[in-house]
Amino acid sequence: MNTNVIAAHESNVRRYSRSFPAVFTKARGATIWDETGKPYIDFFVGSGALNYGHNNPKIIAPAIEYLLGENILLSLDMYTSAKREFIELFVGLILRPRGLSYKIQFPGPTGTSANEAALALARKYTGRSSVMAFTNAFHGMSLGSLAVSGSASTRKLGGVARHDVIRVPYDGYPNRSFDSASYIDYVLGDPGSGIEKPAAIILETIQAEGGMNTASAAWLAEIQRICREHGIVLIVDDIQAGAGRTGDFFSFEFAEIEPDIVCLSKSLSGSGSPLSIVLIRPDIDIWNPGEHSGTFRGNNLAFVTAGAMCKMWSDRQFATSVKRTTIALQGHLDRLVEKFPRAIEQKRGRGLMAGLKCRSQATVGQVHDVAFENGLLIESSGPNRDVIKVLPPITITDDELNRAIAILDHALQEHTHDDFPNDSSASHLATRN
Ligand SMILES: *Cc1c(COP(=O)(O)O)cnc(C)c1O
């Protein structure tokens with residue numbers, strides 16, 4: 001493997017190249033090949049940016065045609081026909097069928113640009129400065145997003161003070177017996193709580209980086225009720241959980257809530273091309289023209305592929321097959337949890353945004369290494385990195401899914417033998433909770 005030029009010149013900050021030491025050259029659907037021709041099934045999918053698989057022909061074909069046609073590639077926020085078509089498709093095929101009505105802001109192309117815009121707008125709209133954010137949240141790597149993130153190392157990054165954030169417990173934190181929504185409701189109504197009314201509450205319906213923690217439908221509905229009662233803007237960061245990941249287009253559909261602001265990025269373009277949008281309840285859209293900007297908010301190639309992604313959702317068969325894959329994956333994971341109690345503590349996540357909480361970080365490390373060796377890419381998450389992220393493309397075939405699960409099964413089997421050579425220590429761990 002020749003990586004000399006990269007290792008010599010790329011910053012020490014590089015990370016995934018260390019956990020997946022191969023030079024990748026080709027990819028299609030759920031499979032990615034390295035330059036020796038070895039295939040891997042991709043359960044990492046660009047950390048959720050490739051939900052529709054690599055080089056999905058339904059998405060790439062219109063992009064190739066667009067590139068060959070001397071069309072507009074960059075337009076800032078000028079009118080273009082590609083933008084007009086994307087908005088028509090997104091409104092007509094995604095928002096309207098779900099009874100949603102939002103204005104669409106195009107910020108810079110990364111997820112964190114969308115969150116920054118959402119936070120700035122909520123602060124402007126309410127005239128308040130603080131924001132409520134949750135334990136184990138992850139919202140991105142620019143200052144405003146870092147401030148609302150939960151991880152200690154993430155929050156320290158940048159070396160400057162992070163003011164105006166009120167940290168509150170997420171659903172199920174620190175355990176299921178604590179009712180965090182009631183707590184939030186109480187402190188907002190109590191003049192003695194020392195907690196000021198925030199401009200916004202920002203949340204992920206599933207905390208992917210935070211360890212695949214899920215919020216229940218009842219909790220989400222209660223947080224929405226609290227926001228409405230207190231005049232607080234509810235921002236859902238759907239950057240990783242949205243665009244089909246949970247089996248629905250938006251991750252909050254199952255809870256039947258309608259957030260005031262929704263941030264989308266990662267898989268929104270369907271192609272891996274950078275694109276972000278902020279969906280804004282129309283009366284909150286009080287931006288002045290040009291007040292918020294970004295050079296790459298007019299990535300027209302991403303508009304084309306995002307439009308093709310929207311069209312996929314108008315095909316009933318596509319939506320049905322995603323649901324079927326969701327059920328298959330959850331069944332596989334239930335079986336793994338049952339089969340490997342010494343390695344796995346519990347199943348986490350929802351839909352195709354799943355995780356396996358393991359008993360230790362070492363377990364996850366070993367499973368990762370054996371899986372990689374055998375042709376499966378997986379990543380870890382959580383504050384202690386002891387959760388295996390299971391993120392197949394939502395378009396994965398049954399055959400690819402079965403093969404990937406067999407590799408994961410094999411890796412879990414290897415691990416159990418290494419760590420627990422005799423049965424007595426193993427049964428002790430199996431009953432521990
Ligand atoms: C990835 C991610 C972000 C940040 O997106 P970038 O494109 O890396 O800036 C924000 N929120 C969530 C939930 C994410 O998963």
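Predicted model: local features only at pLDDT ≥ 70, side-chain atom pairs only at ≥ 80, totals over all residues.

Start with Gly111: one of its backbone N or O atoms sits 2.8 Å from an oxygen atom of the ligand. Lys266 uses its side chain instead, putting a polar atom 2.7 Å from an oxygen atom of the ligand.

How much of the ligand does the protein cover? On its own the ligand has 380 Å² of accessible area, and the protein covers 81% of that.

## The shell around it

If you're setting up a residue selection, here's the list to grab: Thr110, Gly111, Thr112, Asn115, Phe138, His139, Gly140, Glu204, Asp237, Ile239, Gln240 and Lys266 surround the ligand. Sorted by class, that shell comes out as 7 polar, 3 charged and 2 nonpolar residues.

Which element gives the largest share of the shell? That's helix H6, spanning residues 111-126, with 3 residues.

## Salt bridges

Away from the ligand list, there's some charge pairing to look at. Side chains of opposite charge can pair when their charged atoms come close. The structure holds 20 salt bridges.

One of them joins Arg225 to Asp185, with 3.0 Å between the closest N and O atoms. Arg225 belongs to helix H10 (residues 217-230) and Asp185 to helix H9 (residues 180-189), so this pair ties together parts that lie 40 residues apart in sequence.

Two spots are worth a glance when you check the torsions. Where is the cis peptide bond? It runs from Tyr173 to Pro174, and its omega is near -5°. Pro174 itself is in the loop between strand E6 (165-168) and H9, and H9 is also the helix that holds Asp185.

The other spot is Ala243, whose phi is near 55°, a positive value in a residue that isn't glycine. You'll find Ala243 in a loop as well, the one between strand E10 (233-237) and strand E11 (261-264).

Conventions: Residues numbered from 1 in each chain as written. Heavy atoms only, no water. Near = heavy atom within 4 Å. Polar contact = N/O pair within 3.5 Å; in protein donor to acceptor, adjacent residues only side chain to side chain. Areas by Shrake-Rupley, 256 points an atom, 1.4 Å probe, with all protein chains shown as cover. Helix = DSSP H or I, 4+ residues; strand = E, 2+ residues; numbered from the N terminus. Nonpolar A, V, L, I, M, F, W, Y, C, P; charged D, E, K, R; others polar. Salt bridge = Lys/Arg side-chain N within 4 Å of Asp/Glu carboxyl O.
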